[in-house]
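Below is a short briefing on strand pairing and nonpolar packing in one protein model. Please read it with the structure open.

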Amino acid sequence: MKKSFKFAAMIAAVALVMSGCITATVVLTEAANKEEEEILSGQVFEVEKATVTYHNNVILSFKQNGKFIRVEEPNKDKVTIIRPDSAFEINTRDKSYISSPNTNGKYYYSDQAYVYPDDWFDLHMFLGDVWTTEDENKSTTMDVAGRECKAYKSDRFEYAGYKRVFMYKKVGSTILISAISFDYSCIDDFAVPDGFQHWQGTVYCSRDFK
């Protein structure tokens, strides 16, 4: 009887843990889905407008919570503009650009490397597929450019974001993104410059935020 009782108790404990995991997964999935819907609608960031400067000379500007986004990458002679109607990739050296329709807001919820969906990270960290590491993933905070950011750390990766703005990304010993200033203002320049030639092409889009 004692063995049977212990076995039954063990089964009950496992069932309870599994039930808790299922419940947590459902809750996190619902939050991630709601977040995705908000971002697709144009509520990309949880800040109305800002200009963020990064260590590699990249400048992110946005207004109306990200309905209008501009990313300048001078080291690549590249400017990316995302608006409710279209996404544009501009080559400032050749004075040319390509464009793609922003159908159903797909370019808002995509890895332009500067959107940081908190609930997406929470869900995928819980499921264990954000990082390929045996060490325990940790959710914490860190200060970046004077902002207290939500951060995720493991033995190989370190990510941090503020109000859905990607502020820091380190892979191994390499820092890929590091904000050095965050200003609550932005320039009102979200148009392709006059005289730039339109070429055929598709602006890159991916939903993998890793």
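**Strand pairing and core**

Strand β1 (residues 50–54) pairs with β2 in the antiparallel sense over four bridges; strands are DSSP runs of E of at least two residues, numbered from the N terminus, and two strands pair if DSSP finds at least two bridges between them. This is a predicted model, in which local features need pLDDT of at least 70 and side-chain atom pairs count only at pLDDT 80 or more, while totals for chains, interfaces and linings use all residues. Residues are numbered from 1 along each chain as its sequence is written, and side-chain values use heavy atoms, with hydrogens and water left out.

**Strands and turns**

- β2 also runs antiparallel to strand β3 (residues 68–73), joined by five bridges.
- L60 in β2 stands opposite V52, and the bridge partner of L60 in β3 is V71.
- The hairpin of β1 and β2 has four residues between the strands, and N57 in the turn has a positive phi of about 75°.
- Four residues also lie between the strands in the hairpin of β2 and β3, where Q64 takes a positive phi near 50°.

**Burial and packing**

- Four of the five residues of β2 (residues 59–63) are buried, meaning under 20% relative accessible area with a 1.4 Å probe, protein chains only.
- The largest nonpolar core has 42 residues, of which Y54, L60, I69, V165 and M167 touch the most other members.
- A nonpolar core is a set of buried Ala, Val, Leu, Ile, Met, Phe, Trp, Tyr and Cys residues joined through side-chain atoms within 4.5 Å.
- A second, separate core of nine residues includes V79, I81, I90 and Y97.
- Leaving aside neighbours within four places in sequence, I69 is in contact (heavy atoms within 4.5 Å) with residues including L60, I81, Y108 and F190.

Key
Buried means under 20% relative accessible area, exposed over 50%, partly exposed in between (1.4 Å probe, protein chains only).
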